[in-house]
Amino acid sequence: MNVNQSAPPVPPFGQPQPVYTGYHQSSYGGQPGSTAPPTPYGAYNGPVPGYQQTPLPGVSRAPPSSEAPPVSTAQAPCGQAAYGQFGQGDVQNGPSSTVQMQRFPGSQPFGSVPLAPVVSQPTVLQPYGPPPTSAQVTAQLAGMQIGGAVAPALPPVRLGYGPPTSLAPASGSYPNSGLYGSYPQGQAPPLSQAQGHLGAQPPQRSAPPQASGFTSPASGGPPMPSVTGPLLPGQGFGGPSVSQPNHVSSPPPQALPPGTQMTGPPGPPPPMHSSQQPGYQLQQNGSFGPARGPQPNYGSPYPGAPTFGSQPGPPQPLPPKRLDPDAIPSPQLNELPPQQKTRHRIDPDAIPSPIQVIEDDRNNRGSEPFVTGVRGQVPPLVTTNFLVKDQGNASPRYIRCTSYNIPCTSDMAKQAQVPLAAVIKPLARLPPEEASPYVVDHGESGPLRCNRCKAYMCPFMQFVEGGRRFQCCFCSCINDVPPQYFQHLDHTGKRVDAYDRPELSLGSYEFLATVDYCKNNKFPSPPAFIFMIDVSYNAIRSGLVRLLCEELKSLLDFLPREGGAEESAIRVGFVTYNKVLHFYNVKSSLAQPQMMVVSDVADMFVPLLDGFLVNVSESRAVITSLLDQIPEMFADTRETETVFAPVIQAGMEALKAAECAGKLFLFHTSLPIAEAPGKLKNRDDRKLINTDKEKTLFQPQTGAYQTLAKECVAQGCSVDLFLFPNQYVDVATLSVVPQLTGGSVYKYACFQVENDQERFLSDLRRDVQKVVGFDAVMRVRTSTGIRAVDFFGAFYMSNTTDVELAGLDGDKTVTVEFKHDDRLNEESGALLQCALLYTSCAGQRRLRIHNLALNCCTQLADLYRNCETDTLINYMAKFAYRGVLNSPVKTVRDTLITQCAQILACYRKNCASPSSAGQLILPECMKLLPVYLNCVLKSDVLQPGAEVTTDDRAYVRQLVTSMDVAETNVFFYPRLLPLTKSPIESATEPPAVRASEERLSNGDIYLLENGLNLFLWVGASVQQGVVQSLFSVSSFSQITSGLSVLPVLDNPLSKKVRGLIDSLRAQRSRYMKLIVVKQEDKLEMLFKHFLVEDKSLSGGASYVDFLCHMHKEIRQLLS
Amino acid sequence: MATYLEFIQQNEERDGVRFSWNVWPSSRLEATRMVVPLACLLTPLKERPDLPPVQYEPVLCSRTTCKAILNPLCQVDYRAKLWACNFCFQRNQFPPAYTGISEVNQPAELMPQFSTIEYVIQRGAQSPLIFLYVVDTCLEEDDLQALKESLQMSLSLLPPDALVGLITFGRMVQVHELSCEGISKSYVFRGTKDLTAKQIQDMLGLTKPAMPMQQARPGQPQEQPFVSGRFLQPIHKIDMNLTDLLGELQRDPWPVTQGKRPLRSTGVALSIAVGLLEGTFPNTGARIMLFTGGPPTQGPGMVVGDELKVPIRSWHDIEKDNARFMKKATKHYEMLANRTATNGHCIDIYACALDQTGLLEMKCCANLTGGHMVMGDSFNTSLFKQTFQRIFSKDFNGDFRMAFGATLEVKTSRELKVAGAIGPCVSLNVKGPCVSENELGVGGTSQWKICGLDPTSTLGIYFEVVNQHNAPVPQGGRGAIQFVTQYQHSSTQRRIRVTTIARNWADAQSQLRHIEAAFDQEAAAVLMARLGVFRAESEEGPDVLRWLDRQLIRLCQKFGQYNKEDPTSFRLSDSFSLYPQFMFHLRRSPFLQVFNNSPDESSYYRHHFARQDLTQSLIMIQPILYSYSFQGPPEPVLLDSSSILADRILLMDTFFQIVIYLGETIAQWRKAGYQDMPEYENFKHLLQAPLDDAQEILQARFPMPRYINTEHGGSQARFLLSKVNPSQTHNNLYAWGQETGAPILTDDVSLQVFMDHLKKLAVSSAC
């Protein structure tokens, strides 16, 4: 059951050992920072475009490349080497220090906050403080005055510090030097601290590695250190300083910067982050402050001109962003501000740029593994590629929180209005370098649980009385340790076998469930897949049926398998239908398949038992024969009517009869109007939009589907729906069952084999092949003080605590919102334990446990410093999208805006340093909140354009419901990649640009993707050569608009673009169909819809306008 | 005219008719005093090798209320080319084709020997025969296998152009589509849901061409192949297909947990079969052949639940009103039977199981439609296999011995009216001048529908003399009755068989002797038995027996010769002498006694009793007992316990069973192996003789009887002992002495006691 560990030495927790070891040695030696360094560099560079322009451009390049190698390969060698160097440098890293410093100044508020919480910090900070302050001040000043222009540059990730500095540069360009200057300075000071810290920290770091290492017995010693390590952090909390030091350590590169700009400088800052991650949170955002540092900058940038004048006043406030409300009338979302001039006055470059933030984080944190050993660390952004080392907390791939430091009291929480939510993806797929959770088999006794709250054994449980008992970390109940589980404790109170047992040392692991965890006290039989194919006229005519049958023949060889199983345990069955259902007996002993027609759709049942669900390899011949015949049999069909509910009913009954869980794949084409239960009528009425009745468009037409879904859930029957509509099919109703059963919906409007074949087949393949759990129940337990109160996602709940998922795959997330029901304790923090009981594809009953420890704070600043905007947006989007079911869309939008304003106002009021009311000050971690929120508000669901159909809205609405953070991130803020800017030889993705028309150059070609759509935009004056080498036509005018495939040409550009498209597709859970859009073409409207920073046709505000509006809202709240 | 016996026999051979009275009392009052009603047993399609069908259509009386067919009894004016209807006295012109007739050039229908004549109708489209198999798959493996083989075998016996269809059922009902190439296709129905005919047809996709079907019967042929093509196919086209399909039939795959009966949806299966034919081939000869191996356990028509611990209803339960499903199920099947009859199709039931299969509830399906009912222990027995094979036996012309969709019309001269019929028929509710207000059996009509019949199918038809006492029939007047049977011959021709008979009227007061002499006691016994059985279906057993007793006593009072209050003086004439004995055995028969029989068995026996001809019916009432001994050639002996002797072999034929019983000594001899010794070859022959005779009976009879070979003291000897007249019982053993016979352990009265009582009651003036 071991996780896939390649290295024998390391038993269970197979983290990528190779990497690890590498890390240990190098990084530890050199400290974690080492890895980071490269990134940081990047960050630095990245952040400031200006930089690049000036001296650094080369630098910026370099860093990424450096990053790339380590990340991708994660090879010890490279990394090590690099690290080694960095290592020390890191320690010294001024940059980090600078960063901190910057933070300090930047967000004075932070600074203060941190001070309060952590005694140690202050000291640290101070030291930093001075240097940074100076630097920042200058920078800020410059920036502010200069105007918003600077701001964008700053965003270099949270570390932001860099950015702030960058700001200056950007704006003034001069800043560059200044920045640099500042850096070094910063470094110096930090050094001292860093060292001090280092001393302390090293152990920590070493610990984590060891932790990982403990897998290898060799590290017998390590345990100890590790122990200490964790402890330290714990203590450390207080001492953000500690963490800081880490950061500090990273800085050393600074030295480099001068020398080798590339590696050196960039390196340092990021390391800090990465290394900090653990530390960071501890430190509080204070450390982030740096990030905030940037904020201040932002502040400055924002206000652009007017405010700035005032800005100087609050020198330190620099960090915060200011907007002068007076100067800028805030635009209403819908009605644009009358005074456009003002808008013009704000330089778009001066407002926080998502691109910048993403790039910075990538550079700063992408190259070093994220080690989960420390409580409350904010993980890197979802857009960053990073490795995770599980050292006691669940990987961010499984759980992401809106905040990693949550208020101790509900009053604070209410004040801040920051939703406390976790986005949980229990079966998330991990990159190959990371090991999947280790499976623990406790034999007949089953997993050890707390007697009172039933929480499962986890690393946070405290063993007492020499190991004879343990205290539950969730409810504090003291439980006896069963004899067979007894183990002695070492001098630190930890069990001697802690590192031999995943459940005592890892954040995520699995238990084998005993029969008590099974339905009817019977071990489940292997699940089944049932393919249910619409064979009505539309499906036949479009070629769908033939295509599908052909594909299934080979696809059935790739059903999900477990572990090293030779063949899948999953059985398959086939049903075709129009207004009656046809079941097929494909028993292996038959010479020919047998078809059984059930016309009694009013009272659906399964006509056969034996031979319906079969093993693919046994019945291959019969199945092939069937798939050959299906298209022929219905080739002449004239039946246009279809049924729908009976089809699902049938599949469910079939699973029930076979006594197994499973999944239905439905391929459906039209509104089910045939006389049968679940019959629907066309109720598409655009007149309802923007009325109180709009919500009905999102609600199902009939309750029948809910009832049906409930039955499906009870049977563990998940439904995946592939829709091929030519017109309205009422997705809102049809998707009810998939939605409630943990299934997926795919929609291919106006399906035509020639155009959509690839997309459909690719989606189908992925959907069929993906690993999936069945008949699952998820329960989220929390330590006393908070409670899971609300859940979003594709599932069904029959009570208030258990999330029932008929099926759950690696793409589905459940978002859980928490509320206080008592006081939390800063000391003990807050714990989450997500337990998922499910049946694997081999029919094994398992429990997957994810644990996550969060910090608790009594200072709001800590909260703001540890937030994750992407996750926040994920939650808010889901909340809003559910809201449209019950409230008018306008109300939903207003609620969102209000909440966002409250969050920011609370920050301004409680955390930001006093400044003019005219300034817009955003917390560093949330500086993208406005832009992202605006994207949510402008999304099709909340503000539909004329071309958006009701079905599309319903479709998107339910898609978003189970999206993870990475998906929502790109979905709401699409990626726009220029293709010809970077040299063709470069292997990496070109840096993205902001999604705005202003950023498009008509001499360039761009790719835009949002996870669902992929556009290739061709500027009107693109070089002919480029056109030739991409499209194989001689001029722009000859490019076919709407083209969906690029010709396969043997030239570097073509290869690169196609390669890029492929890699983008590979990153997404759904295949994105390419659409080639020519500038000034009709299709461009479609494309422009995704340029989310611009004002949209449907009335959505531009980023700038929205920011102003937000500012106004905040001011109102503050006054 | 020789003796009445010969007359009766001749008539039966020529016309297939046996009247209870061959001279008819001329007034209503007198007729009622005869006790036994004026009635006849009619075998409409009695095989007449000597009767070639005529290839033209019959000539009808032009009076619309009469429409009697020209027959030998009509008076003909050859010169004027006129004929007078002998029923309504209408004078009719001969049709043009008859211009050439004269005294010497008569058409067949005017010749006296053609009192029964068969016309072949050339009009109309001929539609092939249809056989729809409805097969239970909840069988044991070997049972199913045997059934599959029988079915496959039957395909080779069908006419090549016959249409066949297949429905299988278990928990679900599957209607197999036979036309598909490659993939075999079936429509599946839930076995628990009662579907209307329309729903069924909708679900089978039969409704679209509904319009043309109902309106344009003639235009049908083009439509039909399309509509029904999927389910009913000519055998020559899908022979191989269907054989394979049958071969691949699996047992119902749904698991049956211990202590449960398999879920069997017979009710729905039948309903779908009926609906299918109704929608595709109404009024065309078709057989629905239901093969079932157990009781319906779910859905409409369920007879018993699936819990094995709850046994299927017994007569005891029924009497106590404890059979929860019976009424509902019966109603369901009656509804189906009536629909089937309306469509002119028939339903056969082949039920093979050790336990009951619900024949009681389903009986009407066969009874009302003229279908067969076969009951056996297993499909894997020769009883079933041969019986089933015999369905497809052919007559001397090479035609199947089956006919479909018949209507029987009875016309009477005005002194008579028809009161009803008892047999495998339903009323067509045709009122007419000759319909009596009194009903005996299925009455109130002059026409009946017999959806399936064979050459031995026999109906009892009851008449009422309506002539008033004060309007005597002129001397020498004759009453006439015409039976017109239109049917679809197995060759798919439409045919009309016309039998016209006449009998003399006699004044009962002055000519009682004549009437008495013309009494056909055998026919009378069977006709009375049919009435009794008919009553028993709806009345309590004892009431029926009382009624029968009273009728018998009245008959004896009327026709016996005795002195009042002197039982010893009682005598009956020859023509009545056997009648009381028939009644005695009838009283003990399973048709009226349910003791020791399950409801299914009773239904089965009654079913056959109501359709067999006179000879078979008599065997059923009073089994035949032959004795084989060294004393002489085989001889019939009294059905009496005194006939059971140690040195005899007995062969009893009860119609349903053939019992060979070896007397005590014979059995010992055989045990000792004498038959194998060359010097005792005669013993071997003796042993063999009854076996050969039994084989002969077995070969000829449908359904094949149960064959029992037993000996003295054998457990199966009970079949014999329960039938014989218990003249010696444990009660009177010593009184009778030990010299003969075997004592029967019963409290039943013996024939002797019965007769004593009868005499006493007959001579008593009290009643």
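Trainee: Which residue stands opposite A:Leu420 in strand 22 of chain A?
Mentor: That's A:Phe818. Strand 5 (residues 420-424) and strand 22 (residues 814-820) of chain A pair in the antiparallel sense over five bridges. Here strands are DSSP runs of E, at least two residues, and helices are runs of H or I, at least four residues, numbered from the N terminus. Two strands pair if DSSP finds at least two bridges between them.

Trainee: Before we go on, what kind of model is this, and how are things numbered?
Mentor: It's a predicted model, where local features need pLDDT of at least 70 and side-chain atom pairs count only at pLDDT 80 or more, while totals for chains, interfaces and linings use all residues. Residues are numbered from 1 along each chain as its sequence is written, chains are lettered from A and ligands numbered from 1 in the order in which they are written, and side-chain values use heavy atoms, leaving out hydrogens and water.

Trainee: Back to the sheet: what is the strand order?
Mentor: In chain A the order is 3-5-22-20, an open sheet of four strands with antiparallel pairing. Strand 3 (399-401) and strand 20 (786-793) of chain A are at the edges with a single partner strand each, so one side of each has no neighbour in the sheet. On average, neighbouring strands of this sheet are turned by 25° against each other, direction ignored.

Trainee: Which helix lies across those strands?
Mentor: Helix 33 (residues 869-883) of chain A lies across strands 3, 5, 20 and 22 of chain A, at about 65° to strand 20. Axes are lines fitted to C-alpha atoms, for helices over the stretch in contact (heavy atoms within 4.5 Å), and angles run from 0 to 180 degrees between N-to-C directions.

Trainee: New topic. How many residues of strand 14 of chain A are buried?
Mentor: Five of the five residues in strand 14 (residues 594-598) of chain A are buried. Buried means under 20% relative accessible area, exposed over 50%, and partly exposed in between, with a 1.4 Å probe and protein chains only. A:Gln594, A:Met596 and A:Val598 point one way, and A:Met595 and A:Val597 the other.

Trainee: And which strands does strand 14 of chain A pair with?
Mentor: Strand 13 (residues 581-585) of chain A pairs with strand 14 in the antiparallel sense over five bridges, with A:Tyr584 partnering A:Met595. Five bridges also join strand 14 of chain A to strand 11 (residues 184-190) of chain B, and these two run parallel. There, A:Gln594 stands opposite B:Ser184.

Trainee: What about strand 27 of chain A, enclosed or open?
Mentor: Largely enclosed by the rest of the structure, because five of the six residues of strand 27 (residues 1013-1018) of chain A are buried. Strand 26 (residues 1005-1009) of chain A runs antiparallel to strand 27, joined by five bridges. In their hairpin, which has three residues between the strands, A:Gly1011 takes a positive phi near 95°. Strand 28 (residues 1073-1078) of chain A pairs with strand 27 in the parallel sense over six bridges.

Trainee: Last one: where is B:Asn22?
Mentor: B:Asn22 is in the loop between strand 1 (17-19) and strand 2 (23-25) of chain B. B:Asn22 is buried, with a relative accessible area of 5%.
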